[in-house]
Amino acid sequence: LPVVFATNNTERVQITNDGSVGIGGAPGATLDVNNTTASDNRTVAIIEGKGNASSTADGGQYLSITRTGPISSSSGNVCGGILLANGSSITGQANCGIRGTYEYNNGRDIQFFTSADNSTAPTNKMILKGNGNLGLGSNGVETQGDNYLLSAYGTVVTCWFENRSTTAGHEVMILNRKESAGTMIAFLYNDSEKGTITQSGGTIS
């Protein structure tokens, strides 16, 4: 039988036979915090830690969600994450969230995943690589943009830039090359370069 803690004849905490703890009801996981009273914009849980008064960059407090036990020496090992929509699963139902992956010698990545409808399991939509490169629309299998700080993948219009400023000097986009000469934009077809826009000494060609 579970161990139940109650106040005012109402169950508040339950510990099941397998050690799972439910706060606010029977647990559906190892730790389950559930406030069943209807309310908007509520903070359900607060986790605090006190840093040293003299600390700056080292004074942060962290919540660690990580994977233990053996892990593959290959890439794409999901280690932990947070679900942000309804439901408690990323398989067989719509959801969204963020997760970290263990990429062995290639570092640690962060994946952002979403569902496009009300029933499809989520897929990766953005990946922040361990080296700082960001892939938009990336599901993790593309490699063309791995060596670029920002890459975008899509089956419709890939990029749309719109400036709504009423000030004439606010540019839609700025391309600034620090070197005196070189390529500003390269045009590729099927991963093969077909043309470029370059500048040399302030002259565009």
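Strands, as the term is used here, are DSSP runs of E at least two residues long, numbered from the N terminus. The model shown in these views is predicted.

Figure 1. The elements run β-β-β-β-β-β-β-β-β-β-β-β-β.

**Figure 2. Overall dimensions of the C-alpha trace.** Along its principal axes, the trace spans about 80 × 40 × 40 Å. The radius of gyration of the protein is 25 Å, whereas a compact globule of 205 residues would have one near 17 Å. Among contacts between residues at least 6 apart in sequence, 11% join residues at least 24 apart.

**Figure 3. Surface and charge of the protein.** The accessible surface comes to about 15,700 Å², and carbon and sulfur atoms account for 52% of that area. Of the 205 residues, 14% are buried. The protein carries 16 negative and 12 positive side chains. The centres of these two sets lie 2 Å apart.

Figure 4. The structure holds one aromatic pair. This pair is formed by Tyr-102 and Tyr-104, whose ring centres lie 6.4 Å apart. The angle between the planes is 55°, and the pair is classed as tilted. Planes under 30 degrees apart would count as stacked and those over 60 as edge-to-face, which means that an angle between these limits is called tilted. Tyr-102 counts as buried because its relative accessibility is 17%, and the cut-off for a buried residue is under 20%. Tyr-104 has a relative accessible area of 37% and is therefore partly exposed.

Figure 5. Ile-15 counts as partly exposed because its relative accessibility is 29%; the partly exposed class lies between the buried limit of 20% and the exposed limit of 50%.

**Figure 6. Surroundings of Ile-15.** With neighbours within four places in sequence left aside, Ile-15 is in contact with Pro-2, Val-3 and Phe-5, as well as with Ser-20 and Val-21. The view may also include Gly-25, which is ten residues from Ile-15 in sequence. From C-alpha to C-alpha, Ile-15 and Gly-25 are 9.9 Å apart in space.

Conventions: Residues numbered from 1 in each chain as written. Predicted model: local features only at pLDDT ≥ 70, side-chain atom pairs only at ≥ 80, totals over all residues. Heavy atoms only, no water. Helix = DSSP H or I, 4+ residues; strand = E, 2+ residues; numbered from the N terminus. Rg over C-alpha atoms; globule rule 2.2 N^0.38 Å. Buried < 20%, exposed > 50% of the residue type's maximum accessible area, 1.4 Å probe, protein only. Contact = heavy atoms within 4.5 Å. Areas by Shrake-Rupley, 256 points an atom, 1.4 Å probe, with all protein chains shown as cover. Lys, Arg positive; Asp, Glu negative; His and termini not counted. Charge placed at Lys NZ, Arg CZ, Asp CG, Glu CD. Phe/Tyr/Trp six-rings, centres within 6.5 Å; stacked < 30°, edge-to-face > 60°.
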